[in-house]
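Hi there,

Here is the structure I promised to pass on to you. Please open it next to this email, and then read on for what turned up in it.

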Amino acid sequence: MLKEALNDKQVVLGSALILFMFCVAILAPIIATHDPCETNLSPEVKLQPPSREHLFGTDDLGRDLYSRMVYGARISLTVGLVAVAIMLLIGVVIGAIAGYFGGVVDTVIMRIVEAILCFPSIFLILMILAFLGPSIINVMVVIGLTSWPGVCRLVRAEFLSLRERDYVVAARALGASHRRIIFRHILPNALAPVFVSATLSVGSAILTESALSFLGLGVQIPTPSWGNILTTGRFYIESAWWMTLIPGLAILITVLSYNLVGEGLRAVLDPRLKR
Amino acid sequence: MRYRHFKKRNKRRTKSSLKTPQLIGVASFFILSLTFFGTSLLAQNDRPVGDAYVSGGIGDARVLIPFLADDSASGSICGLVFNGLTKTDKDLNVVGDLAKKWQVSKGGKVITFELHKGVMWHDGEPLTAEDVKFTYDALMDPKNNCPYTASYSDIEEIEVLGSHKIRFVYKEPYAPALLKLGMGIIPRHILEGENLRKSAFKRKPVGSGPYIFEKWKTDEYIILKSNPDYFEHRPYVDRYVARVIPDQAVQYLELITGGIDTMGLTPYQYRYRTDTARFKEKFDRYNYLSHGYTYIGYNLADPLFADRRVREALSYAVDKKEIIEGVLFGLGEVCTGPFLKGSPYYSVDAAGYDYDPEKAKELLKEAGWSDTDGDGVIDKDGNPFKFKLITNQGNKVREDVATLVQRQWSQLGIEVEIQIIAWASFIDQFVDKKNFQALILGWSLPTDPDCYNVWHSEASKKGGLNFISYKNREVDGLIEEGRREFDTKKRAKTYKRIHEIIAGEAPYTFLFFPYATPAVSKRFHGIEPAPAGIGHNFIDWYVTPDERRYTW
C-alpha cells in the first residue's frame with residue numbers, strides 16, 4: 001500500500017511540501033533571521049518591501065515578516081495536528097462504540113451526532129470561543145471538539161460491516177472481551193478511511209485556525225500566526241502587498257498539500273477508484 | 001396651533017413610511033429604499049432637506065438613555081435624540097439648549113431656568129419643567145445605577161415653578177453645574193414608574209432633539225430621521241444612519257466605495273492613504289487634537305500593582321514618543337494627566353515619565369522584584385511578575401500599543417499576556433466588573449475639569465467609572481474643592497494639583513492625546529471646524545439636490 005501510495009504523484013508532492021513545512025517549523029529558531037517579535041518603528045525599517053535583509057519585507061511595527069512566517073508555521077501545524085488528534089480520539093472511540101454495540105447505544109449516539117452536525121461548525125466554534133476566551137489552546141480544543149462527528153460516522157459505518165466478519169465472530173467465540181475485539185481486531189481494519197479523513201481534516205483545521213486568528217479569536221498578538229499576520233496585512237493591502245500575499249500563499253500551499261495527500265491516499269485505498 | 005398642525009402631518013408621514021421597506025440589504029453595501037418623502041422640502045434659509053448621513057463606528061450603542069449611556073456610540077446617538085437644559089457651543093462655552101435663559105443666585109447655590117415654550121416630544125406631547133425634574137430625580141435614583149450621579153449629588157432640591165420654569169437648589173455652590181445640567185432630558189409621561197434599566201425605552205427612545213429615533217438593528221445600524229418640528233429648525237440632512245463596522249480597514253473600504261459617508265481615519269490612513277488628490281476630490285479631511293486621551297490603567301485592587309514604585313517603573317518603561325511617532329505617525333501628543341492639554345487645568349510640572357528603562361529597573365529592584373530563579377522573569381516572594389493586558393478589538397492603535405508595551409516591559413523581565421476582546425464583552429465582562437489586571441482604554445474629556453466620576457474614591461463603587469479603584473484622600477478633597485470654586489484661576493490651581501498628585505502616583509500610564517482625523521464626504525456642506533470639533537452644527541449641514549445619494 002505504501003509503495004502504491006508513493007507511486008502517486010499527488011501524494012509525493014503533498015508529502016514533500018508537508019515535510020518541508022515541518023522542517024521549517026521545527027527549525028524555526030535556526031532559520032529565522034530575526035526575533036519575530038522585535039519591533040522597530042523607524043521609518044527606514046517598517047513596512048519595507050522584501051529585500052536581502054528582510055526576505056519577505058517588514059510589517060507595520062518593523063518586524064521581520066520572514067521570521068514571523070517561520071514561527072507562524074509552528075502554530076499552524078501544531079493546531080492542525082493537535083486538533084485532529086483530539087478529533088480522532090473522540091470520533092474513533094465513540095464511532096467504534098456505536099458501530100460495535102449497535103441497537104439503542106447506536107441510535108442515541110447517532111442522534112447526538114446528527115444534532116451536532118446541524119450547526120455549521122464555524123458558528124459553533126465562534127460561540128464556544130466567545131465563552132472560553134481566545135487562546136491557542138482553546139482553539140485547538142474547540143476545533144477538535146466540533147469536528148469529530150464526521151470521523152465518528154465513518155468509523156461506525158466500518159464497524160457495522162466489520163463486526164459481522166468471521167474473524168470477529170471467531171474472536172467472540174474464543175471469549176475475547178469487547179475491548180479486545182474493538183481495539184485489536186476491528187479497529188486496525190477500519191483505519192484506512194479514518195487515515196484519509198484525518199489527513200484532509202488537518203488541512204481544514206489549519207484553515208479554521210487561520211480564520212479564527214484573522215477574526216482575532218485565535219492566537220493572541222504578538223505571537224505570530226499566519227492568520228493574524230494576514231489580519232494586520234489587510235490594513236496595508238494597497239501599499240504593502242507582501243503582508244497579505246505571503247501568509248495567504250503559505251496557508252494555501254499547506255492546506256493544498258494536505259488535501260493532495262488525503263485525496264491521493266483515498267484513491268489508493270479505495271478499490272473502486274483503482275486504475 | 002402651529003405645532004399641532006405639524007404634528008398631524010408628521011403622524012401621517014410616519015404611518016405611511018412604515019409601509020415602505022426601510023432597509024433592503026446590508027451585506028456589503030447599503031441600499032436605501034426609494035420612496036419619495038420630503039425630498040423637495042425647503043427649510044429656513046433655503047437649505048434643501050434630504051439625503052442621509054451614514055457614519056461608520058466600531059461599537060454598537062448600548063443604551064439610549066442619556067444618563068445611563070457611558071460609551072461614545074450611545075452618547076452620540078443620545079446627543080441627536082435628546083436635549084439638555086444647556087449645551088456647549090462650537091467654542092465650548094455653555095449656552096442654553098432647552099433653557100431660554102437662566103439666573104444664578106445665592107452665590108451659585110440657586111439656578112433658575114426658564115425653558116423654551118412649544119418644545120414637543122417626538123410623540124407630540126409638550127416638554128415641560130416636570131420632565132426636567134423627572135429626569136434628574138431618576139438620574140439620582142440609586143435603583144438606576146447611573147454612572148454620573150456624582151455630578152449631581154449636591155443638588156438639594158429641584159422645584160418646578162411653572163410649566164416652563166424650574167429651580168435647582170444646591171447644598172454647596174457647584175462650579176460645573178451649568179455644564180452638567182446639559183444631561184439629556186427624558187419624557188416623564190412615558191417613563192414614570194418604569195424600571196429604566198429594563199424598559200423598552202432604552203432601545204426605542206422618544207426624545208425632543210433634532211432627530212427622531214426610527215430603527216435599531218443590533219450590531220448593524222441605528223437609523224434616525226430628522227425632526228420636522230424641531231424647535232431650532234428642521235435638520236437639513238434627512239436621515240442619520242449609524243452603522244456598526246467593527247473594523248477600521250473595512251470601514252475604510254466602505255468609505256471609499258460609498259457605503260459610509262464618514263469615519264475616523266486611522267493615523268496611517270490619514271498620512272499615507274488619503275493624502276491623494278483622488279481621495280480629496282470626494283472627501284474632506286479634518287485634523288484636530290481630540291478631547292480625550294489613551295492610557296494604560298492598572299487595577300489597583302490587584303496586589304501586583306499596589307506598590308507605587310512598580311507602577312512608576314511600568315510607566316518609565318513605556319516609550320510614549322516612539323508610540324506617537326511609530327503608531328500614530330506623529331498624529332498625537334504626549335499626555336501626562338487627566339485634563340485637556342492646553343487647558344488652564346493641565347499642569348506642565350506633572351511627572352511625565354520620559355522613557356527611562358534604567359530607572360524602571362532600579363525602581364523594580366527597590367520594590368523587591370528581581371530575577372532570583374534565572375528564568376528571565378522577575379519575581380518576588382516566589383511569585384513571578386506576570387499579568388494580562390486587555391484591550392478592545394477593532395482599534396488597531398490600541399493593539400499596536402499593546403504589542404509595543406509588552407515588548408518594552410519584557411525587557412524589565414515582566415511577562416505580559418495580551419488579550420483582545422470584542423467591545424461589548426470587554427465593557428460588560430471585564431471593565432464594569434473590574435475583572436482585569438491592566439487595560440488599554442481611552443477617556444473622552446468634557447469641557448469642565450471636574451473628574452469626580454473617574455478619580456474620586458466614591459466612584460470606585462459598583463457602577464462608577466473609577467474601575468481601577470484609585471483612592472487618594474487628598475485628591476478626593478481637591479476634587480470636592482474644585483467643584484465649589486467658581487474662580488477660574490483658583491480652580492486651575494486646584495486641578496493642576498490634582499494632575500500632579502495623580503501623575504505622581506501613576507495609577508495609569510498616561511499615553512497620548514490622539515488627533516481626531518475624521519473624513520467626511522464632500523457632498524455635505526456647512527461644516528465648520530471649531531474647538532468643539534466638526535459635529536457641533538450637524539443640524540446645519542446640508543446636501544444640494546444634485547449631490548443627493550439617498551432619497552425617501
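Let's begin with two helices of chain B. Helix 15 (residues 473-484) of chain B packs against helix 16 (residues 488-505) of chain B at an angle of about 155 degrees, and their axes are 9 Å apart. Please keep in mind that this is a predicted model.

How do the two helices run relative to each other? An angle over 145 degrees counts as roughly antiparallel, so helix 15 of chain B and helix 16 of chain B are roughly antiparallel to each other. The crossing of helix 15 of chain B past helix 16 of chain B is left-handed.

Which residues make the contact? From helix 15 of chain B come Glu474(B), Val475(B), Leu478(B), Ile479(B), Glu481(B) and Gly482(B). Helix 16 of chain B brings residues including Arg491(B), Tyr495(B), Ile498(B) and Ile502(B). By class, the residues of this contact are seven nonpolar, two polar and four charged.

Now to the domains. In the domain assignment, chain B has domain 1 (9-286 + 517-547) and domain 2 (292-515). Their centres, taken over C-alpha atoms, are 31 Å apart.

How many residues of each domain are in contact with the other? The count is 28 residues of domain 1 of chain B and 28 residues of domain 2 of chain B. On the domain 1 side, helix 7 (residues 267-273) of chain B gives the most, with four residues. That side of domain 1 of chain B has 14 nonpolar, nine polar and five charged residues.

Happy exploring!

Definitions and conventions
Residues are numbered from 1 along each chain as its sequence is written. Chains are lettered from A and ligands numbered from 1 in the order in which they are written. This is a predicted model: local features need pLDDT of at least 70, side-chain atom pairs count only at pLDDT 80 or more; totals for chains, interfaces and linings use all residues. Domain bounds come from an automatic or database domain assignment. Two residues are in contact if their C-beta atoms, placed from the backbone, lie within 7 Å. Ala, Val, Leu, Ile, Met, Phe, Trp, Tyr, Cys and Pro count as nonpolar, Asp, Glu, Lys and Arg as charged, and the others, Gly among them, as polar. Axes are lines fitted to C-alpha atoms, for helices over the stretch in contact, and angles run from 0 to 180 degrees between N-to-C directions. Angles under 35 degrees count as roughly parallel, over 145 as roughly antiparallel, 65 to 115 as roughly perpendicular and the rest as oblique. A crossing is left-handed if the near helix is turned anticlockwise from the far one by less than a right angle, and right-handed if clockwise.
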